[in-house]
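Here is a short tour of one protein chain, starting with its overall build and ending with a few local details. Have the structure open as you read.

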Amino acid sequence: MALAFDEFGRPFIILREQDQKTRLRGIDAQKANIAAGKAVARILRSSLGPKGMDKMLQGPDGDVTITNDGATILEQMDVDNQIAKLMVELSRSQDYEIGDGTTGVVVMAGALLEQAERQLDRGIHPIRIAEGYEMASRVAVEHLERISQKFEFDVNNYEPLVQTCMTTLSSKIVNRCKRSLAEIAVKAVLAVADLERRDVNLDLIKVEGKVGGNLEDTELIYGILVDKDMSHPQMPKQIEDAHIAILTCPFEPPKPKTKHKVDIDTVEKFETLRKQEQQYFDEMVQKCKDVGATLVICQWGFDDEANHLLMHRNLPAVRWVGGVELELIAIATGGRIVPRFQELTPEKLGKAGMVREKSFGTTKERMLYIEHCANSKAVTIFIRGGNKMMIEETKRSIHDALCVARNLIRNKSIVYGGGAAEIACSLAVDAAADKYPGVEQYAIRAFAEALDSVPMALAENSGLQPIETLSAVKSQQLKENIPFYGIDCNDVGTNDMREQNVFETLIGKQQQILLATQVVKMILKIDDVISNSEY
């Protein structure tokens with residue numbers, strides 16, 4: 001794109017290959033962008049809340065994903081439009097930052113765009129709408145701070161954390177055993193949390209899944225789970241007080257680097273070679289025994305001869321363990337990864353209270369549990385389920401629950417769910433609109449209306465009369481001035497979210513409003529779209 005001037009000094013733009021470009025300007029560009037954003041939000045709207053629907057996505061290679069996690073749906077969707085890609089980025093940033101509320105943030109952005117379209121039709125300038133939205137989002141975030149409640153918890157009393165995680169899980173496919181999964185998530189987070197620094201390293205929580213069994217069989221293991229078994233079936237299946245040598249060097253004789261042949265034409269020569277190899281193995285096994293190792297975990301394989309020898313020398317071993325698992329094992333057991341046998345010393349061994357092999361189901365698939373480690377920070381959540389899709393979706397649900405627990409440890413404030421927080425903010429923003437004399441007050445009122453779209457979607461997805469339900473709850477909040485009334489999605493018979501124990505994290509809600517507003521402002525400020533035309 002280049003700028004040129006005509007004979008009167010007026011600038012005009014020269015586009016390369018002008019005839020192959022399509023161009024949208026001004027209000028048309030904004031309308032097209034808003035339509036694209038709304039289309040994405042419409043897809044996600046039906047999967048909001050405890051009664052939300054799931055989406056089934058088929059990948060290019062035929063693998064199927066069934067989920068109602070906003071970030072996953074958008075991640076897997078094949079999106080061409082640039083504005084729709086912005087919505088995908090929006091849900092992704094909510095996922096990175098908070099981990100939960102990825103569907104809500106997109107629904108919110110879609111509602112803001114819809115309201116902006118109405119304001120544009122009234123002839124209000126996009127920049128004034130964007131500024132109005134900015135003011136309104138500030139009012140909403142401050143109001144959330146005011147209506148939030150702090151709660152105290154410690155390692156022994158973590159019930160409030162469990163309740164909040166249950167709210168997250170109730171909108172997922174796993175809601176039939178949300179109580180046990182929420183407890184597992186909270187215990188896992190508390191196990192790795194540093195409560196003084198209020199920090200949680202989620203990398204120390206490994207989520208593993210194996211097809212078979214029920215969801216109820218999901219368990220929390222204080223240690224590491226490795227999808228491997230002992231290299232020889234006759235090795236002991238349980239080792240107490242294990243000293244683990246973590247090796248990245250292979251258990252086999254060194255290979256010559258040069259390309260030459262060894263001709264073995266007599267039995268004696270073969271015997272010599274065999275003895276030499278055996279001696280190598282003997283030395284390797286002896287080194288491990290000398291430093292006091294009672295279990296060897298090796299990144300590479302070893303052949304049958306070495307395996308046989310390890311079994312005879314009573315040194316259990318595990319082979320072909322991946323690099324990530326090795327690192328986790330090293331962190332958990334306090335051991336060091338050893339690249340050469342010569343460097344093996346007693347200090348570099350990892351320590352674990354118990355290493356056991358467990359077999360599952362009729363197929364007798366075996367896995368290794370490394371528990372009661374020296375540096376027992378790392379934990380594993382082991383998920384069982386009827387099929388692969390169920391396990392994948394449970395993993396995503398557990399991830400959301402872990403993130404919620406982490407956010408609560410960082411910031412103890414909660415707001416009430418079920419759309420209660422949005423309705424309260426909507427009322428606050430509506431009241432604040434009167435204080436602004438300019439055109440912005442229209443945009444602020446539009447923001448208040450957009451906030452209602454989340455409880456409205458919740459009511460719609462729960463099969464209730466959306467407008468009737470929303471106005472009833474809204475008038476109840478206004479009349480009694482209590483910000484705890486929300487949409488009764490589960491038809492319990494009460495709108496009070498305190499009684500239903502439906503909580504959400506304050507920082508999650510604030511982030512939703514801020515991120516949605518930012519993206520909508522960005523979309524409103526685009527007034528020229530130049531794109532390659534389709535052939």
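## Overall build

In the protein chain, 73% of the contacts between residues at least 6 apart in sequence join residues at least 24 apart, where contact means heavy atoms within 4.5 Å. Please keep in mind that this is a predicted model, in which local features need pLDDT of at least 70, side-chain atom pairs count only at pLDDT 80 or more, and totals for chains, interfaces and linings use all residues. Residues are numbered from 1 along each chain as its sequence is written, and side-chain values use heavy atoms, with hydrogens and water left out.

The protein chain holds 17 helices and 21 strands; these are DSSP runs numbered from the N terminus, with helices being H or I of at least four residues and strands E of at least two. The radius of gyration is 30 Å, well over the 24 Å that the globule rule gives for 535 residues, so the protein chain is more spread out than a compact globule. That radius is taken over C-alpha atoms, and the rule is 2.2 Å times the number of residues to the power 0.38. The C-alpha trace spans about 100 × 70 × 40 Å along its principal axes.

## Helices H4 and H5

Two packed helices are described by the angle between their axes and the distance between the axes. For helix H4 (residues 102–121) and helix H5 (residues 126–147), the axes come within 10 Å and cross at roughly 140°. Axes here are lines fitted to C-alpha atoms, for helices over the stretch in contact, and angles run from 0 to 180 degrees between N-to-C directions. H4 and H5 are therefore oblique to each other; angles under 35 degrees count as roughly parallel, over 145 as roughly antiparallel, 65 to 115 as roughly perpendicular and the rest as oblique.

Which residues meet where H4 and H5 are in contact? From H4 come Leu112, Gln115, Ala116, Gln119 and Leu120, and from H5 come Pro126, Ile129 and Tyr133.

Of the 535 residues of the protein chain, 50% count as buried, which is to say under 20% relative accessible area, with exposed over 50% and partly exposed in between (1.4 Å probe, protein chains only). In helix H10 (residues 323–333), the buried residues include Leu326, Leu328 and Ile329. Just after H10, Gly334 takes a positive phi of about 70°.

Glu75 lies in helix H2 (residues 70–76) and counts as partly exposed at 45% relative accessibility. Not counting residues up to four places away in sequence, Glu75 touches Val88 and Arg92.
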